[in-house]
2 protein chains.
Amino acid sequence: VKVRRDYPDPQAQPGEVRVRVLCAGICETDLQLIRGYMGFRGVLGHEFVGVAESGPFAGRRVVGEINCACRHCDLCRRGLPTHCSNRTVLGIFNHDGAFADTITVPQDNLHVVPDDMPTDIAVFTEPVAAAFQIPAQIQVQPTDRVVVLGDGRLGNLCAQVLAGLSNHVLVVGKHANKLALVHALGIATAMRDEIEAGRNADIVVDCTGSDTGLPTALKLVRPRGTIVLKTTVAGEQTLAWAPFVIDEVTLVGSRCGPFDQALKALAEGRIDVAPLISDRFDLSDGANALEHARTKPVLKVLLDVARA
Amino acid sequence: VKVRRDYPDPQAQPGEVRVRVLCAGICETDLQLIRGYMGFRGVLGHEFVGVAESGPFAGRRVVGEINCACRHCDLCRRGLPTHCSNRTVLGIFNHDGAFADTITVPQDNLHVVPDDMPTDIAVFTEPVAAAFQIPAQIQVQPTDRVVVLGDGRLGNLCAQVLAGLSNHVLVVGKHANKLALVHALGIATAMRDEIEAGRNADIVVDCTGSDTGLPTALKLVRPRGTIVLKTTVAGEQTLAWAPFVIDEVTLVGSRCGPFDQALKALAEGRIDVAPLISDRFDLSDGANALEHARTKPVLKVLLDVARA
């Protein structure tokens, strides 16, 4: 990873808008891409707030959905543009990302940030949307016993979204300081070593990013319960599958979510993201920022790119 | 495996009825139990038709659900008796089965066989019910592209049930003769080596009983599609789980199903089971019957126990 000053400015393709980046967030996926995930080469960064330079939102602050869809393949026509067979993904796959002065984004992907929402809050729209994808895929009832595995950025946000739907959310982690942030929001927490394999959770959400997540989820979920996989683990994993059949467990893979719901929840203060900001660096110091995010027990590291 | 003539008659516990067995079917699970699955020791057999010796169905032919529930644990009270924490399972777990002159069955588990239904048809109620568990768990639309992996007993029955709901069912197998039976029912078939990994199936049902089933299903299912796991594989398996997240695939484990729907479908002739009967043996020749089912490319092997 290095900061380049000679990198060419991105050119907007038809339907795209140039966005002058104000602020960007470092995500676990960025750290995985650096380790070689997806074989990506280019500009990283898919969580950002910027100012649109043209189009109907010109001059306004915007956030952008990360999947750039072709709008004509079978999956797009089925209404699944985030699964477009020809998609590029901002900062992840075949499309330069937001750790730069400018990024090009399809106009259709842009959402206007409300004027009274600080940029530091709006920059969380993408991961908050990913958390809102859970209730977009499965029903969550107020009485459901929900366990979130992982006390990191995504675990925290998923717990907050789910705590708006169920009165019985428990976050299981291994970092006392990160669990304390969750606890301060009024959500129950437990250290990983303290929990018993009670097999009585209706829903278990794996946000560990670790290959221990799925086996742990299987020990906690009740028969006919649901496991939601939010984080990917690279490579292959060894596991006994028979419990899925014997206990009729449902596993749901879950990825990107609805930006509109995320912006609304952030605007209404239903999701508290400010405590997640651990550190901020200037974009010119981006290599150190990534190294810091990779090696330190941080939550969200932000990159400041320009002033609004 | 041996035939014992000195084995004590089973004693009915409170709530149980003695059933004089007429006919029983050999299932893949029986063959796995012989190999040590579940550590079961006792009388095998969980697919059967018999005559109730007492209770409201005395003197009538009955079939029996296999999970014997306590009716008071948390899961029973939630309406999930097939997942009862204290359950025994006929011929599978802590309860002697139907490869015997008599079996004891909870009265609540019994269903009367219609008088005009041959015993040879009624003996398929349990596996047909397992096939009907699929639409009990997931929605199947007429336009859904459904792939059933496996051309054996369960694959055939699942395909028939699903073909009643979708107009696009394809059975993938590796035995031309077994696929021919499916084809004769008007259901499309393909040899395993012929199919392309098109990733356009809405639903893939794994009835292979093999650890190749789930990886194959992942190659066929579309993004946001559903994989139904119908058969257990003993031990641990290796798999890359990331595609579940990236493609937001749902995996549903599926086991025992509704006997009432199975009996109704058999009575109405909507499910054709007669062609599945490969061989029949007397119970006294049971060891040879199991060896035959284990080693020969058969479909259903029946054990004749007594005459009605």
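I began with helix 4 of chain A, where T125(A), E126(A), V128(A), A129(A) and F132(A) meet F259(A), Q261(A), A262(A), L263(A), A265(A) and L266(A) of helix 9 of chain A. Contact here means heavy atoms within 4.5 Å. I sorted the residues of this contact into eight nonpolar, two polar and one charged. The classes: Ala, Val, Leu, Ile, Met, Phe, Trp, Tyr, Cys and Pro are nonpolar, Asp, Glu, Lys and Arg are charged, and the others, Gly among them, are polar.

Ground rules. This is a predicted model, with local features needing pLDDT of at least 70 and side-chain atom pairs pLDDT 80 or more, while totals for chains, interfaces and linings use all residues. Residues are numbered from 1 along each chain as its sequence is written, chains are lettered from A and ligands numbered from 1 in the order written, and side-chain values use heavy atoms, without hydrogens and water.

Next, the geometry of that pair. Helix 4 (residues 125-137) and helix 9 (residues 259-267) of chain A pack at about 110 degrees, axes 8 Å apart. Helices (H or I, at least four residues) and strands (E, at least two) are DSSP runs, numbered from the N terminus. Axes are lines fitted to C-alpha atoms, for helices over the stretch in contact, and angles run from 0 to 180 degrees between N-to-C directions. The two helices of chain A are therefore roughly perpendicular, a label for angles of 65 to 115 degrees; under 35 is roughly parallel, over 145 roughly antiparallel and the rest oblique.

Pairing takes at least two DSSP bridges between two strands. Strand 8 (residues 145-149) and strand 9 (residues 168-173) of chain B run parallel over five bridges. I found V147(B) opposite L170(B).

Last, the interface. I have 42 residues of chain A in contact with 44 of chain B. The chains bury about 3700 Å² between them, 56% of it on carbon and sulfur atoms. Buried area is the accessible area (1.4 Å probe) that two parts lose on being put together, summed over both. W241(A), V245(A) and E248(A) supply 21% of what chain A buries against chain B, more than any other three residues. The rule finds two salt bridges across the interface. It asks for a side-chain nitrogen of Lys or Arg within 4 Å of a carboxyl oxygen of Asp or Glu. I noted a salt bridge between D202(B) and R78(A), at 3.1 Å, N to O.
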